[in-house]
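This report walks through a model of two chains.

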Amino acid sequence: MLQTPTRNASPLVSLAGVGVRRQGRWLVRGVEFSIAPGEIVTLIGPNGSGKSTTAKAAIGVLKADEGRVERKAGLKVGYVPQKLSIDWTMPLTVERLMTLTSTLKGAEIDAALEATGIRHLARAEVQHLSGGEFQRALLARAIARKPDLLVLDEPVQGVDFSGEIALYDLIKTIRNTTGCGILLISHDLHVVMAETDTVICLNGHVCCRGTPEVVSQSAEYQRLFGARAGQTLAFYNHDHDHTHLPDGRVLHADGSITDDCRPNDGHHTPVVPTGRAGPMRIVHTHGPDCGCGHDHGAAPDSNGQQEKRDA
Amino acid sequence: MLDDFFMRALVAGVGLALTAGPLGCFVVWRRMAYFGDTMAHSALLGVALSLLMNFNLLISVFIVAATVSLLLLLLQKRGTLSTDALLGILSHATLAIGLVMVSFMTWVRIDLVGFLFGDILAVSRADVDLVWGGGILVVFAIVWMWRPLIASTVNPELAEAEGMQPEKTRLAFMLLMALVIAIAMKIVGILLITSLLIIPAATARRFSTSPEIMAVLASLIGALAVVGGLFGSLKFDTPSGPSIVVAALGLFILSLITKPRTSVVEHSAANQGGQA
């Protein structure tokens, strides 16, 4: 097994100061990150924070209006979009779905279906699958073509908790065996895959970034989710230091208001990438009603999350 | 064999149906039925322009239909009106302009009914060649770009992310459709072209387990409808174009009555699951 990501290899894709604007509004701005072979990058953030937009800009489905996106020449992408509905007028079996964008050998298809645990559904029509089965089929399709970069937009949506852990385990295995880079968009603001190398929190821009590693090892976390979950999922604790006002302007913790908010504009608490060994928490304070779905400081985020999970 | 007008009609009609099968499947899958209608209606404008400028009819119809589809793409990008409103405007505006122009041209005798409803019994040997030549070209093109066509129909962003060019595919598909409309106009007529695209494809859905099977079945069902419709029109002395469409409808209804592989209820429930 290829264990640690080969950090020294040239990145598969790198974004520098990337912004995407639609109808005069910046969907996302000032995004910086890169993905190396074997690296897992997770994007989190509230609805409309630009996660999918960022991912699409990274793989070239959307054109960046500012900044630079560089992709390795001949980069082979496997993509699981956030929304995919297949019109029932199109007869499409799981098996046929596998060869949607590339020709594959029968053995390759079988292996991908086996890995995602849906081999028995090979001949089922995709319209007849449950939400979780359909997600697995999409993931199988994306990995079957052996991509350099796997882009997964909320791959565990509609999957129950144990299924989620199984899928994250699978993603980890894929990374370890193939050494591909993975860009993962999490539907959850605070729980990310433990194997993630870098967590990037977006809210129209990069709010903060760090690694989830330390937290996943904490005793408290393991008590909440069990040791097995501890190997798979991790908290990403973070607070935000500013509020996005309804008119699009930004209220900062220091009381100032600006038209938009970008890193290094002087209003933010310095964002400290914590590194693999450092403490997880990136502390800054938060306004009362940012509407971005975050907990605002007092109660630990993890508790709310846990109640929701257990329910 | 092709000396007999009925034989010529049969051969031309079957050729068109075979071409329309796979193309019609994409019209159904991509929900472009009304779009196809709009392109077909614009054909009358093409006819009028061809008469006015003394230009080849087929090429003129093709150019107008292609232009209308490009215009629609452009208007869609501006995003001021919904697509179906835009289609409604373009569809009937081009039809009306065509009719008005034709009425002005008092110096030409034009069989308007022939263009609107088709005149398959009047196809010449050259028309038969055209239908088969153009048809083979269209089918060849569809087979050639089959995978990107299917992939971008399922999800254009996915296709683009994995190295395809869904915009170009879409453009190529529209040009093929314009070509088929230009070819089909004489056979089933402007107002009935889309039915020959959609009805066989819809009939084939029920018996298909893959897009490929559905495309082939749609061709065969369409051919059956042409044969049935033409013999029907001969027997009952009915207009040939509409008779073909009625025959296609008959096959569609028959397919509804036959025992379905899966119930409709299951389909809709599963569809929601797929979208989740």
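## Terms and model

A residue counts as buried if 20 or more other C-beta atoms lie within 10 Å of its own, as exposed if 12 or fewer do, and as partly exposed in between; the C-beta atoms are placed from the backbone. By that rule, 48% of the 311 residues in chain A are buried. For chain B the share is 49% of 276 residues.

The model is predicted: local features need pLDDT of at least 70, side-chain atom pairs count only at pLDDT 80 or more, and totals for chains, interfaces and linings use all residues. Residues are numbered from 1 along each chain as its sequence is written, while chains are lettered from A and ligands numbered from 1 in the order in which they are written.

## Confidence

The scores for the model are ipTM 0.82 and pTM 0.80. Per residue, the predictor's confidence is the pLDDT, which runs from 0 to 100. Chain B has a mean pLDDT of 88, with 93% of its residues at 70 or more. Its residues 263-276 fall below 50, yet this stretch has 22 contacts in the model beyond near neighbours in sequence. A contact means two C-beta atoms, placed from the backbone, within 7 Å.

Chain A averages 76, and 66% of its residues score at least 70. Residues 269-311 of chain A have pLDDT below 50, with 71 contacts beyond near neighbours in sequence. In chain A, the mean is highest in helix 2 (residues 94-98), at 95, and lowest in helix 8 (residues 301-310), at 37. Residues 1-7 of chain A also stay under 50.

## Chain A

Chain A holds eight helices and 14 strands. These are DSSP runs, numbered from the N terminus: H or I over at least four residues for helices, E over at least two for strands. Of the chain A contacts with a separation of 6 or more, 69% are between residues 24 or more positions apart.

Two domains are assigned: domain 1 (13-76 + 147-310) and domain 2 (87-137). Their bounds come from an automatic or database domain assignment. Where they meet, domain 1 of chain A gives eight residues and domain 2 of chain A gives five. The domain 1 side has four nonpolar, three polar and one charged residues. Here nonpolar covers Ala, Val, Leu, Ile, Met, Phe, Trp, Tyr, Cys and Pro; charged covers Asp, Glu, Lys and Arg; the others, Gly among them, are polar.

## Chain B

Chain B has 13 helices and zero strands. Its C-alpha trace spans about 60 × 45 × 30 Å along the principal axes. A compact globule of 276 residues would have a radius of gyration near 19 Å, and chain B agrees, with 19 Å. That radius is taken over C-alpha atoms, and the globule rule is 2.2 Å times the number of residues to the power 0.38. Among chain B contacts between residues at least 6 apart in sequence, 73% join residues at least 24 apart.

Helix 7 of chain B is largely enclosed by the rest of the structure, because seven of its nine residues are buried. Among them are B:P148, B:L149 and B:S152. The buried residues of helix 7 pack against helix 1, helix 6 (125-144), helix 8, helix 9 (166-188) and helix 11 of chain B. B:T169 sits in helix 9 of chain B. B:T169 is buried, with 21 other C-beta atoms within 10 Å. Beyond four places in sequence, B:T169 contacts B:M145, B:P148, B:L149, B:S152 and B:M164.

## Core

A nonpolar core is a set of buried Ala, Val, Leu, Ile, Met, Phe, Trp, Tyr and Cys residues joined through C-beta atoms within 7 Å. The largest has 161 residues, and B:A43, B:A65 and B:I181 touch the most other members. Both domain 1 and domain 2 of chain A give residues to this core, so it lies between them. Leaving out residues up to four places away in sequence, B:A43 touches B:V61, B:V64, B:A65, B:I181, B:A182, B:M185 and B:I190.

## Interface

Between the chains, 28 residues of chain B contact 28 residues of chain A. Helix 13 of chain B gives the most to the chain B side, with seven residues. That side divides into 13 nonpolar, nine polar and six charged residues.
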